[in-house]
Amino acid sequence: MNNFEKRLFVDYFSKLINDIDLKHYNFDDLMDFFFDEFKVNRNRIERDQNGSFIFGNIGGREKFRTDMKKILKELQEKLPVKKTSLEKQLLSLKEIFKLSEEEYGILLYFIMKEYNGIFRELFDCVSGHDTFGRFCKCVIKLRYNRRGRLMESLYLKRLTDSRRGGDADINPEILGIFDDETCSTPDKIIAVLLGKREKSNLTLSDYDHIKKERDKAINILKSAVEQKKKGVNILLYGYVGTGKTQFAKLIANSAKIPMYAVKTEKEDYEEANRSFRLADLYSKQEMLSRAGRACILFDEAEDVMNRGFSAFGSASKGYLNKILEETPIPVIWTTNNISDVDPAFLRRMSYAIEFEKLSDETRLNIWNRVLKKNKFKVKKSKIEELNKTYDVSPSIISNAVQMTKLTSGTEEDFEGYIENITRVVMKRKNIKSPKSFNAKEYDLNLVNSDLSVENLTEKIKACGKLNFSICMYGEPGTGKSEYSRYLADCLGIKAIQKRVSDLVSPFVGQTEQNIAAAFQEAKNKKAMLIFDEADSFLQSRANAGHSWEISQVNEMLTWMESHEYPFVCTTNLLDTLDEASLRRFTFKIKFDFMNPEQINLAMKHFFNIEDADLNIKGLTTGDFATVKKKADFLEIRDTSEIEKMLRDEVRLKQSKTLKNTVGF
């Protein structure tokens, strides 16, 4: 034992002597150690002829304690007081975490119990089951009602691994400090406890698509650190795989501010629970508050902020205020979903950036970068095809590369791995993006509508306004969705097409949130928003059987009223739509079956057959596209065979219009 440990041992022994169980099986060993270590004459303690302590009566026990107190007092006066390296390390911990004398006393108890077996033997000899309680009462002079609060404080600073005194142990990372005697200053200890700084493997140009937000976040981070501003929190939220974590690291690196991450796993590789992560955040705040230039990354923040925000699990506004408003250094939070986040949390954000689905160009850069990093060659044309087909995160691309290499696979195998995992992640069978629309292949002359779409297109282009909406209704396959995308192409804006499966959710309120997110995405990208099968969202509220059916329609109507960019709905069931929604559409266009002239134009367009002279009621461009595909497979070119296949398509239809037609 060094001098510090000796002083501490003597101090503990002298204060616990009245509570020592003199008949404990470890007691004789403890006394043997004491006599040998401190060179105390054994004859100063009365014994019987066999050398055993005389504890047969109360007088014998009291005489022993009296003699021991005298010996211990003499030792306290003689032991050197020069600080040892261990004591310096302990005092540095006290300084780093701003420990009170009571907290420091408790910390010493747990450290010495773990660090030195002799202290453990001493504590084992204390009478009763609550050794920690007796220690607090006799050594620290601590009132019982203070213990819980002090243990909570030590746990939040991650000095102990539990809030309960009797069950707690010292954090293993803290014990690791004592293995290196040179690690004695606060700065050195902090460096060991914090670990490595977070580094990004991206560049600023990778986020040019949010350049304004990127530069603003860097400026906020720099200013907060330079001015030592408390309560600065930046929230990064949005779609999975859009680079939120890398962005957080990048802006810290660009601002030349060291970043340290809140842990997602414990020292034993066990998953970190909510309580552990909050304690790690608090501990890092305490340590880094003295560093001056630093910030913290709290990745996957949904672990904590979606389930109340207190140390104990219930939602405590006071605890929320302390974490957010009083953080001495900036914290960057990342999450995929803010729908369940307490508004009190969101209100206390200093700045927030939404990460939307990436553009085709940005995603293509990611594909190229990930493939290059993994040294996996794929043809340029194949990469472009994959980019258009799969909207995936860099991690999925990287994993697919590793599996392809592992199995010595081909480009086709690589795509197979991409599709396999993406289907699981998206929880959908059909995960391929819709085939890109080719405006040059779209022929307005094949559209049979009650309003000239050619004239409408020219008028909308000429007026230069984008705050219009269109309801396109009519039979399936008549070209409603295709015209929407054609119009967007003519206006030079992006088309965002949403299917029912993209929006409808079995969870209450989630469909409304998906609708709002779709409108917001279109607004941010200044794009045309297209809702196919809009009758799923705009059914008449008069026939609603559930409150959520009404709330979905209300959500749509609210957005339609305020949306600044083109909004298009397509439906086959106009008579089921809510009347209020119909009033909000700028244009309502009926798409009908092709007339004879258009049918013969379609024969030329799809099959290069002129003067076919067909007169079949109920045909649509969708029918022609289907028959064209079938004819190509069967290598059919004969006009009569093509006519027969077209009539077969019409015969299968359930249209009321056709059924009411004589001769159908």
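Author: In the largest nonpolar core, which has 90 residues, F9, Y12, F13, F34, I106 and W333 touch the most other members. Helix 5 (residues 101-115) gives this core its largest share, eight residues. The model is predicted: local features need pLDDT of at least 70 and side-chain atom pairs 80 or more, while totals for chains, interfaces and linings use all residues. Residues are numbered from 1 along each chain as its sequence is written, and side-chain values use heavy atoms, without hydrogens and water.

Reader: What is a nonpolar core?

Author: A nonpolar core is a set of buried Ala, Val, Leu, Ile, Met, Phe, Trp, Tyr and Cys residues joined through side-chain atoms within 4.5 Å; buried means under 20% relative accessible area (1.4 Å probe, protein chains only). Another core, of 25 residues, lies apart from the largest one and includes I234 and I353.

Reader: How is a pair of packed helices described?

Author: Two packed helices are described by the angle and the distance between their axes. Axes are lines fitted to C-alpha atoms over the stretch in contact, and angles run from 0 to 180 degrees between N-to-C directions. Helices are DSSP runs (H or I, at least four residues), numbered from the N terminus. Helix 1 (residues 3-16) and helix 3 (residues 58-78) pack at about 150°, with axes 10 Å apart. Helix 1 is therefore roughly antiparallel to helix 3 (angles over 145 degrees).

Reader: Which residues of helix 1 and helix 3 meet?

Author: V10, D11, F13 and S14 in helix 1 meet M68, L72, L75 and Q76 in helix 3, where contact means heavy atoms within 4.5 Å.

Technical notes
Buried means under 20% relative accessible area, exposed over 50%, partly exposed in between (1.4 Å probe, protein chains only). Helices (H or I, at least four residues) and strands (E, at least two) are DSSP runs, numbered from the N terminus. Angles under 35 degrees count as roughly parallel, over 145 as roughly antiparallel, 65 to 115 as roughly perpendicular and the rest as oblique.
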